[in-house]
Amino acid sequence: PEAYLRHVPDDAFDADGCLKEGQLKDLVTVLAHAFSGWVETILRSRALLAEDSAHAAQAKKKEAELAG
């Protein structure tokens, strides 16, 4: 995911380079939270896939033991 912000004026930032309070900061905050949620979803999905793969390997091993 990505977002493009066009025509952001210099006065949207304070002397330290941080966004000042206002609509732009609110928008960037919403986008950052959405990105964080997306990353968490990807990480959970990967963990579930790895767990499922491990269970499948164990089941296959048990089947082979019972057949053999």
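Where does E21 lie relative to α1? E21 lies in the segment before α1.

1. Basis. This is a predicted model, in which local features need pLDDT of at least 70, side-chain atom pairs count only at pLDDT 80 or more, and totals for chains, interfaces and linings use all residues. Residues are numbered from 1 along each chain as its sequence is written, and side-chain values use heavy atoms, with hydrogens and water left out.

2. Fold. The protein has 1 helix and 0 strands. Its radius of gyration is 23 Å, well over the 11 Å that the globule rule gives for 68 residues, so the protein is more spread out than a compact globule. The radius is taken over C-alpha atoms, and the rule is 2.2 Å times the number of residues to the power 0.38. Along the principal axes, the C-alpha atoms fill a box of roughly 75 × 20 × 15 Å. Helices (H or I, at least four residues) and strands (E, at least two) are DSSP runs, numbered from the N terminus.

3. Surface. Of the 68 residues, 1% count as buried. The cut-offs are: buried, under 20% relative accessible area; exposed, over 50%; partly exposed, in between (1.4 Å probe, protein chains only). The protein exposes about 6,200 Å². Carbon and sulfur atoms supply 58% of that area. Accessible areas come from the Shrake-Rupley method with a 1.4 Å probe; for residues, only the protein chains shown count as cover.

4. Salt bridge. The structure holds 1 salt bridge. It joins the side chains of K25 and E21, at 2.9 Å from N to O. The criterion is a side-chain nitrogen of Lys or Arg within 4 Å of a carboxyl oxygen of Asp or Glu. Side chains of opposite charge can pair when their charged atoms come close. E21 counts as exposed because its relative accessibility is 66%. K25 is at 27%, so K25 counts as partly exposed.

5. Charges. The protein has 8 positive and 12 negative charges, and their mean positions are 9 Å apart. Lys and Arg count as positive, Asp and Glu as negative; His and the chain ends are not counted. Each charge is placed at NZ of Lys, CZ of Arg, CG of Asp or CD of Glu.

6. Nonpolar patch. L5, L27 and L31 form a nonpolar patch on the surface. Together they have about 230 Å² of accessible area. Patch residues have over 30% relative accessible area and no salt bridge; like charges are joined within 9 Å, nonpolar side chains (Val, Leu, Ile, Met, Phe, Trp, Tyr) within 5 Å. L5 is found in the segment before α1, which spans 23-67. L5 counts as partly exposed because its relative accessibility is 42%.

7. Segment before α1. H7 lies here. Although H7 is not a glycine, it has a positive phi of about 55°. H7 is exposed, with a relative accessible area of 72%. P1 also lies in this segment. P1 counts as exposed at 67% relative accessibility.

8. The C-alpha atoms of E21 and A64 are 43 residues apart along the chain and separated by 63 Å. L24 is placed in helix α1. From L24 to L48 the separation is 24 residues in sequence and 36 Å in space, C-alpha to C-alpha. L24 is partly exposed, with a relative accessible area of 24%.
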